[in-house]
Amino acid sequence: MHKTKRETKIVIFVMVFIAAVMPFILGTKNNYFINILISYCYYGIMAMSLNLLVGYTGQISLGHGAFMAIGGYTYAILTKTLGWHFLPAIFGSLVLTFLLGLLIGLASCKLHAIFLAMTTLGFSKVVSLIIINEGWLTGGANGFVGIKKLTVFGHRFMNYQLYFVALALTLMVALICYRLIYSKTGRAFQAIRTAPIAAASMGINVNGYKFLVCGISAAMAGLAGCIYALNINYLSADIFDKSSILLLTMTVVGGMGSLFGPIIGTLVIGTLPELLRPFAEYLDGIYGVVIILVVLFMPHGIYGGMKSLIDRKRKSDILSEVTP
Amino acid sequence: MSVLLQTSKVSMHFGGVRAVDLVDMSINSGAIHGLIGPNGAGKTTLFNIISGLYIPTTGNVIFEGKDITDKKPHEVTKLGIARTFQNILLFDQMSALENVMVGHHSRTDSTILGTIFHTPKMKKQEVLCKDYALSMLDFVGLSDFKNNNAGSLPYGQKRVLEIARALASKPKIIMLDEPCAGMNPSETDYLIEIIYKIRDFGITVLMVEHNMRVAMGVCDIITVLDHGKKIAEDVPDIIQNDQQVIEAYLGKENLE
Amino acid sequence: MVMLIQALLSGVAQGAIYALIALGYSVIYRTLNMGHFAQGEFYMLGAFFGVWLFTKLNLPPIIVFIASGLLTSLVMLVMERLAYRPLYTRSVMGLLISTLGMQYVIQTIAKIVWGSDVKRFPPMLDDSTVYIPFQDNRIAISMQSLWVIGVCAILLLALTLFLTKTKTGLAMSAVSMNRKAAALMGVNINTVITSTFIIAAFLAAIAGVLMGPLYSVSFTMGSGIGTKALTAAVMGGFGSLPGAVLGGLLLGVVETLGALYISSAYKDLFSFIVLISILFLRPQGLFGQAKVTKV
């Protein structure tokens with residue numbers, strides 16, 4: 001059984017605590033900040049889901065935003081157009097994204113890295129084409145407007161209350177990732193990434209796991225899409241088109257193949273647009289520069305960099321204790 | 001002695017090249033069976049066919065009386081055939097212990113749902129898996145390095161770790177692809193010891209070996225391949241003096 | 001029938017442009033085994049350099065083509081030195097991600113330098129339309145399309161000659177087959193890498209100069225066509241040069257015919273469907289070689 005270190009537990013507890021009291025510090029009525037907090041949640045889920053796929057299993061996806069879009073649109077169509085209750089609607093979009101993820105999984109079993117990257121990119125283009133052209137269903141280029149706020153038993157959720165729902169869902173996804181990673185399944189994922197042939201010869205059903213991880217990761221992205229729809233109440237294809245690069249930046253900058261990495265990445269990169277408001281026009285380029293710098297100088301991201309710093313310090317501490 | 005693994009008229013063609021050509025080979029249960037031959041004789045290709053990585057152009061692989069020719073690698077492993085690789089394929093970023101735990105993959109039956117919901121059954125399986133992996137590390141003498149990254153281990157230990165990982169799948173037969181390649185004499189002796197221990201454990205061994213001292217000293221029976229064909233199969237003493245084998249190794253012209 | 005012939009012609013012209021950019025992808029993949037996702041941006045740079053050289057400096061077309069190609073190659077080499085070269089010996093994933101980042105860096109640089117408005121590229125070559133009588137109708141042929149096809153054909157010929165006749169070209173082929181062996185045989189890998197990137201940038205830039213007058217020039221023009229060309233390269237078998245050309249032409253024709261006969265809104269969908277069906281039948285692409293798993 002994997003044992004979590006005491007310091008790690010403390011860090012997690014402090015992070016969750018800060019996340020929970022944040023709305024009260026910033027003001028529960030301050031929609032600007034609350035919206036940023038909620039964006040951490042859905043981007044965090046997205047980054048974790050991408051990390052599971054790319055960081056752990058080594059399957060490159062360049063169109064992960066598409067699953068977020070499908071999740072969001074499915075939720076919007078089910079609740080507004082068909083008048084479903086929000087719970088079955090979320091469930092419905094999870095199922096749909098899971099199944100479409102399996103479809104990509106089918107491709108990942110058959111194709112090598114670059115071919116798969118191409119397929120996922122193409123898939124996301126197709127999704128945005130459908131969204132733009134099928135206006136009767138999706139609102140087309142004008143976007144999908146008027147998604148209802150979260151309402152339970154007649155109680156309409158305030159934005160900060162929605163944040164707690166989103167936070168709870170994020171923690172749930174984090175827990176699922178944690179359990180998957182530190183288990184037989186997670187070991188299989190990593191084995192597949194490092195040496196697929198050896199993995200197969202150790203009894204791992206390589207294609208089965210690739211197939212499944214695509215589904216799981218897509219469903220997580222779908223959930224993020226639902227939260228997005230609930231928060232913004234408006235959907236349009238180009239937001240999701242752009243989010244693919246943003247997500248990749250978050251995952252890479254935070255550190256792929258580690259549990260904390262994507263969360264750190266989300267917090268850092270998610271805050272950038274707010275800090276760089278005057279340069280909003282050049283934001284994509286800034287992401288680009290950041291990505292390249294991180295890949296060049298911090299191959300394991302911020303998390304990996306911090307970890308090796310701490311390890312080094314620990315080692316020198318031990319050395320200084322040993323040598324008088 | 002009963003036959004555990006058998007290849008019957010197995011051939012593998014790559015384009016026009018016959019990497020393996022109509023090879024019949026029977027491996028008896030409990031034996032240490034050697035597979036030797038000059039470079040390019042088709043030894044590793046034969047390993048790949050048996051372990052399910054390649055599907056042979058013709059012929060069958062029979063394990064415990066069942067035809068396993070078309071089985072996928074992970075199914076073959078589950079049936080009880082484990083292997084190591086000529087050019088070490090470890091999961092470098094994982095610890096030695098985790099590597100061996102991956103080897104035990106097919107012997108635990110917890111599902112993904114069980115993992116997500118953290119069922120008691122799954123927790124128990126994890127503990128058992130870890131214990132088994134530890135015992136395998138102990139078996140090959142790597143207990144002290146269980147938390148080291150596999151990629152950071154020295155070369156010799158990597159080879160031994162691969163064997164531990166293969167053993168963790170509880171095989172009936174283990175296929176070692178040049179276990180002693182690149183090892184110094186004392187490491188080689190240690191490895192021979194391990195191979196005997198594996199045999200005494202009740203596991204059949206099929207090994208490709210280039211080091212003739214090892215092959216002749218350890219193996220009960222040796223099959224010789226040359227250009228994809230089986231040219232001899234017998235006990236080491238006879239193989240050593242077989243004219244065809246000597247020709248294959250030294251080249252005909254050198255003898256004349 | 002007339003429509004079909006006209007569509008085929010413009011499909012081939014469009015396809016020839018895809019082929020030029022796709023060749024860049026494939027030539028880089030062949031040498032370095034890396035997918036260069038920023039490739040489409042060099043098409044955009046080529047177009048911008050072209051507008052600048054043609055309208056501001058009033059240079060003759062032939063000089064515009066060559067100078068734009070050289071300037072774009074220069075940018076490519078600087079970027080390669082800064083962001084790619086340190087990564088060749090590290091993970092493939094890192095390199096891939098670096099090229100993705102590069103795509104946005106170049107776009108933003110173009111936006112800063114030339115602004116975000118759409119620029120008009122005045123026709124540089126003959127832009128008249130020729131009518132050829134056909135049965136009881138007539139076929140309209142735009143000279144631009146012919147120019148595009150002609151220039152592409154010349155470049156293909158030049159590339160073939162370069163790869164088969166010059167020392168560097170042969171060295172590139174050697175490296176693509178076996179990098180280690182080539183290095184052992186005394187091939188200068190750095191020269192090979194440099195020429196690879198120059199070829200990739202040059203071809204993309206020429207494509208940009210050719211297409212600029214047909215559409216308009218803006219900093220976003222590269223990403224869409226880059227994806228298309230990558231589709232073409234992958235379709236043809238990534239790393240195979242004839243495959244890239246064939247994939248490009250196929251894609252151009254399929255798109256134009258699909259837009260004409262089925263739906264122009266879903267034009268981009270056809271390329272994806274063709275890609276997926278080819279990959280499912282031949283996972284290595286049309287001209288790609290199946291990899292034998294070596295252990």
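A: Let's start with polar contacts: a pair of N or O atoms within 3.5 Å, where within protein one must be able to donate a hydrogen and the other to accept it, and residues adjacent in sequence count only if both atoms are side-chain atoms. By that rule, chain C and chain A share seven residue pairs in polar contact, both partners at pLDDT 80 or more. Bear in mind that this is a predicted model, in which local features need pLDDT of at least 70 and side-chain atom pairs pLDDT 80 or more, while totals for chains, interfaces and linings use all residues. Side-chain values use heavy atoms, without hydrogens or water; residues count from 1 along each chain as written, with chains lettered from A and ligands numbered from 1 in written order.

Now zoom out on that C–A contact. Taking contact as heavy atoms within 4.5 Å, 42 residues of chain C touch 37 residues of chain A. Together they bury about 3400 Å² (accessible area, 1.4 Å probe, lost on being put together and summed over both parts), and carbon and sulfur atoms give 81% of that. On the chain C side, C:Y104, C:Y266 and C:F280 lose the most area to chain A, together 17% of what that side buries. Helix 4 of chain C gives the largest share, 13 residues. Sorted by class, that side of chain C has 27 nonpolar, 11 polar and four charged residues.

Chain B touches chain A too, with 34 of its residues in contact with 27 of chain A. The area buried between them is about 2800 Å², 67% of it on carbon and sulfur atoms. B:H74, B:H105 and B:I112 lose the most on the chain B side, together 23% of what it buries. Here the rule finds one salt bridge: B:E126 pairs with A:R187, the closest N and O atoms 3.0 Å apart. Helix 5 of chain B gives the most, six residues.

Note on methods:
Buried area is the accessible area (1.4 Å probe) that two parts lose on being put together, summed over both. Helices (H or I, at least four residues) and strands (E, at least two) are DSSP runs, numbered from the N terminus. Ala, Val, Leu, Ile, Met, Phe, Trp, Tyr, Cys and Pro count as nonpolar, Asp, Glu, Lys and Arg as charged, and the others, Gly among them, as polar. A salt bridge is a side-chain nitrogen of Lys or Arg within 4 Å of a carboxyl oxygen of Asp or Glu.
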